[in-house]
Amino acid sequence: QVQLVESGGGSVQAGGSLKLSCAASGSIASRCGMGWYRQGPGKERELVSRISSRGTTDYADSVKGRFTISQDNGKNTLYLQMNSLKTEDTALYYCAAETVGLRGCLPRFWGQGTHVTVSS
């Protein structure tokens, strides 16, 4: 059984930093990457950043230069370092494990999410 457990969320003032962690357990067949997604108030869920199984990283334009995704394969843990946080970064942040399917590499397993609140 695959489990993804996020941690590290909280409340911070604008300009501050947080580091999210996602601990993965269970065997994920055909895993092709891991990603962080978020859903802000009244918004749809969006991709924040992802890292492929080869280590290639992608970022949403809104977080480039501020957020850094990384992973510790030995600990099976995904991280998201978030710096220079803005109020618009307020959201529920989800960790996702991506697998290869007919439509390519897409998120298949999801964590429960961790809240990030950025105040001005």
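The largest nonpolar core of this predicted model has 25 residues. Such a core is a set of buried Ala, Val, Leu, Ile, Met, Phe, Trp, Tyr and Cys residues joined through side-chain atoms within 4.5 Å. Buried means under 20% relative accessible area, exposed over 50%, and partly exposed in between, with a 1.4 Å probe and protein chains only. Met34, Trp36, Phe67, Leu78, Leu80, Met82 and Tyr93 have the most contacts inside the core. Strands S3 (18-25), S4 (31-39), S5 (46-52), S7 (67-72), S8 (77-82), S9 (91-101) and S11 (114-119) each supply at least two of its residues. Strands (E, at least two residues) are DSSP runs, numbered from the N terminus.

Residues are numbered from 1 along each chain as its sequence is written. Local features need pLDDT of at least 70, side-chain atom pairs count only at pLDDT 80 or more, and totals for chains, interfaces and linings use all residues, while side-chain values use heavy atoms, with hydrogens and water left out.

**Strand S8 and its partners**

Five of the six residues in S8 are buried. S8 pairs with S3 in the antiparallel sense over six bridges; pairing requires at least two DSSP bridges between the strands. Lysine 19 stands opposite glutamine 81 of S8. S7 and S8 also run antiparallel, joined by six bridges. Aspartate 72 has threonine 77 in S8 as its bridge partner. Four residues separate S7 from S8 in a hairpin, and asparagine 76 in the turn has a positive phi of about 55°.

**Serine 49**

Serine 49 lies in strand S5. It is buried because its relative accessibility is 0%. Its side chain reaches the backbone oxygen of aspartate 58 at 2.9 Å. Beyond neighbours within four places in sequence, serine 49 is in contact (heavy atoms within 4.5 Å) with residues including Trp36, Ile69 and Leu80.

**Salt bridges**

The whole structure holds six salt bridges. Each puts a side-chain nitrogen of Lys or Arg within 4 Å of a carboxyl oxygen of Asp or Glu. Three of these are tabulated.

| Pair | N to O distance |
|---|---|
| Arginine 38 – aspartate 89 | 2.9 Å |
| Arginine 50 – aspartate 58 | 3.5 Å |
| Lysine 64 – aspartate 61 | 3.1 Å |

Arginine 38 in strand S4 and aspartate 89 in the loop between S8 and S9 are 51 residues apart. Both are buried. Arginine 50 is buried at 15% relative accessibility, whereas aspartate 58 is partly exposed at 36%. Lysine 64 is partly exposed at 48%, and aspartate 61 is exposed at 64%. Salt bridges with shared partners join Arg38, Glu46, Arg66 and Asp89 into one network.

Definitions and conventions
A polar contact is a pair of N or O atoms within 3.5 Å; within protein, one must be able to donate a hydrogen and the other to accept it, and residues adjacent in sequence count only if both atoms are side-chain atoms.
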